[in-house]
Amino acid sequence: MIKLDEIQKRLLSEVAGLHKVPEGAFNIRSNSESIGRASSANIEIIPREGGDGLEIHIKPGTKNESVHIPVVMTKTGLKEVVYNDFYIGEGSDVFIVAGCGIDNCGPQDSEHDGIHRFYVGKNAKMKYVEKHYGSGDGTGKRILNPGTELYLEEGSVAELEMVQIKGVDDTDRVTTAELAAGAKLTVRERLMTHGSQRAISKYVVNLNGAGATADVVSRSVARDDSYQKFDAVLNGNAPCSGHTECDSIIMDHGRILAVPGLEANDVDAALVHEAAIGKIAGDQLIKLMTLGLTEQEAEEQIINGFLK
Amino acid sequence: MLELKNISFGVDSDGMNKEIIRDISLTIPDGKLVVITGPNGGGKSTLARLIAGIEKPDSGQIFFNGTDITDMSITERAKMGIGFAFQQPVRFKGIQVLDLIRLARGKNIPAANACEYLSAVGLCARDYIDREVNNSLSGGELKRIEIATVLAKESQISIFDEPEAGIDLWSFNNLIDVFKGMRDNIKDSSILIISHQERILNIADQVIVIKDGQVTEEGSRDEVLPDLIGTASYTAKCAKFKDEEGETK
């Protein structure tokens with residue numbers, strides 16, 4: 001039986017919604033070692049050669065099963081790079097929960113760089129949720145640099161939800177995707193930075209097959225003196241459709257740079273980019289204030305809704 | 001009871017102070033439905049915004065139930081019992097209709113109760129309660145949701161700034177019923193509607209005409225309406241165009 005201390009429990013609940021050891025296939029990594037692992041009949045989790053991460057093999061046709069691979073770090077000064085490779089069998093339909101929580105109460109930086117590679121088989125469907133969270137009042141930074149690589153075979157579907165709302169000081173996120181014919185990628189990113197945090201999110205999506213579609217939407221809030229960069233590149237290499245959107249609220253002295261990048265290499269590629277950055281609209285605050293909320297409460301409601 | 005005493009308000013326009021409200025004094029008594037009407041640009045909406053606290057007067061005082069609220073914030077006035085429905089309702093990304101109604105009600109009422117407010121404004125509650133208050137809603141839908149939030153707030157005085165603007169004829173018929181219903185249950189609260197619509201004027205207890213920033217007429221519906229008929233404050237827009245083209249009188 002896995003023993004978790006209170007900080008570990010709190011981090012697990014923040015990043016994976018877990019209040020106890022999950023059912024089905026899982027691996028819980030804490031302070032650079034696996035503290036619990038289970039495979040199921042259809043999902044096998046094994047260490048990678050070299051021991052720097054995991055291989056997750058999902059049998060073809062596996063339906064309605066989940067995989068949890070959360071990471072928690074509670075020691076200061078840890079720095080790790082972890083590779084997790086997901087092989088998702090043809091025609092399967094699975095739910096994968098990852099995410100990393102760092103509690104750093106010490107003076108040294110703690111860093112987790114998780115590189116996730118997804119090989120999504122023909123007509124398979126995957127929903128992937130990744131939450132990042134930082135806490136602790138040490139002077140050491142909490143750093144997360146996630147890399148996500150997606151290889152979507154014909155007719156496969158990948159739906160990604162990436163959330164980083166609190167406490168992560170520095171992030172360089174890179175997401176790349178290769179889409180075969182008829183593959184579909186949906187990304188919903190939600191990001192809030194505060195203090196002097198810095199977050200960079202870069203996407204490169206190659207729509208290589210006919211009928212491939214991608215929809216990448218980022219909603220973010222930059223508060224205090226924080227900085228964000230959203231850099232989304234779509235390459236339409238076949239008759240395909242793609243949409244990217246950066247919708248951001250800036251507050252205080254927050255700064256945001258949105259860089260659209262669309263390249264159509266096929267006459268039937270239809271690509272769209274939207275970006276809007278601005279402070280909270282005065283009318284929105286006024287409306288909520290006429291309902292009896294203070295300006296601060298109104299701001300909170302607007303941001304909560306925006307990032308919901 | 002709401003009392004405005006010698007309210008004046010101006011804005012800067014090309015370095016000049018342009019007076020929009022000029023020394024207006026008026027009273028909105030409890031238990032009455034009062035309609036403020038008058039030509040476009042006469043200062044009606046500004047007056048409503050001054051009452052809600054969105055604008056502050058240059059001079060004069062506003063009393064609500066005997067308390068001077070002139071220097072109070074929008075929030076304080078809302079908490080005291082002033083409700084305000086925007087002429088052009090605001091959209092919110094991510095906030096759902098249910099969230100907005102709960103915020104208006106000031107507590108987490110069950111969804112079923114929130115639905116009653118939507119039904120009251122003629123929306124099929126089941127279809128709307130989970131919708132986001134964003135661009136996916138039409139102007140008319142948004143307007144009805146705006147009115148539903150003011151109903152949910154159950155204010156002592158509810159102000160509606162041109163509720164008919166942006167609403168189609170079908171919804172408008174329903175809206176009249178909403179206001180009639182509110183009028184029937186008014187008790188000691190009051191309703192203030194800024195409107196040009198004859199059918200809204202017809203359900204008023206009192207009518208106030210504002211023109212060029214001043215009250216030009218004030219009294220019961222029966223006293224004021226006959227004087228208004230045929231004037232620019234009253235005539236529907238299409239009829240006015242026809243007048244100008246000399247087709248009808």
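This report describes parts of chains A and B in a predicted model.

## Confidence in chain A

The predictor's confidence, pLDDT, averages 93 over chain A, and 99% of the residues in this chain score at least 70. Confidence in chain A is highest in strand 12 (residues 147-152), at a mean of 97. It is lowest in helix 1 of chain A, at a mean of 82. Where pLDDT is low, the predicted coordinates should not be read in detail.

## Helix 1 of chain A

Helix 1 of chain A covers residues 6-16. Which of its residues are buried? They are A:Gln8, A:Leu11, A:Leu12, A:Glu14, A:Val15 and A:Ala16. Viewed down the axis of helix 1 of chain A, these buried residues fall within an arc of 165°, so they line one face of the helix. An α-helix has 3.6 residues a turn, so residues three or four places apart point the same way.

The buried residues of helix 1 of chain A pack against strand 1 (25-30), strand 5 (63-68), strand 6 (71-73), strand 8 (93-103) and strand 10 (125-135) of chain A. Just after the helix comes A:Gly17, with a positive phi of about 65°.

## Overall form of chain B

Chain B contains 10 helices and 10 strands. Its radius of gyration is 18 Å, close to the 18 Å that the globule rule gives for 249 residues, so chain B is as compact as a globular protein of that length. Along the principal axes, the C-alpha atoms of chain B fill a box of roughly 50 × 45 × 40 Å.

Of the 249 residues of chain B, 41% count as buried. Among contacts in chain B with a separation of 6 or more, 67% are between residues 24 or more positions apart.

## A four-stranded sheet in chain B

In chain B, four strands form an open sheet in the order 2-1-4-5, with antiparallel pairing. Strand 2 (16-28) and strand 5 (67-68) of chain B stand at the edges, and each has a single partner strand, so one side of each is left without a neighbour in the sheet. Strands of a sheet pair through backbone hydrogen bonds, either parallel or antiparallel.

How many bridges join strand 4 of chain B to strand 5 of chain B? Two bridges link strand 4 (residues 59-64) to strand 5, and these strands of chain B run antiparallel. B:Phe64 stands opposite B:Thr67, which belongs to strand 5 of chain B.

Helix 1 (residues 44-52) of chain B lies across strand 1 (2-13), strand 2 and strand 4 of chain B. This helix of chain B runs at about 70° to strand 2 of chain B.

Terms used: Residues numbered from 1 in each chain as written. Chains lettered and ligands numbered in written order. Predicted model: local features only at pLDDT ≥ 70, side-chain atom pairs only at ≥ 80, totals over all residues. Buried ≥ 20, exposed ≤ 12 C-beta atoms within 10 Å, placed from the backbone. Arc of directions from axis to C-beta. Contact = placed C-beta atoms within 7 Å. Rg over C-alpha atoms; globule rule 2.2 N^0.38 Å. Pairing = 2+ DSSP bridges. Axes fitted to C-alpha atoms, helices over the stretch in contact; angles between N-to-C directions. pLDDT = per-residue confidence, 0-100.
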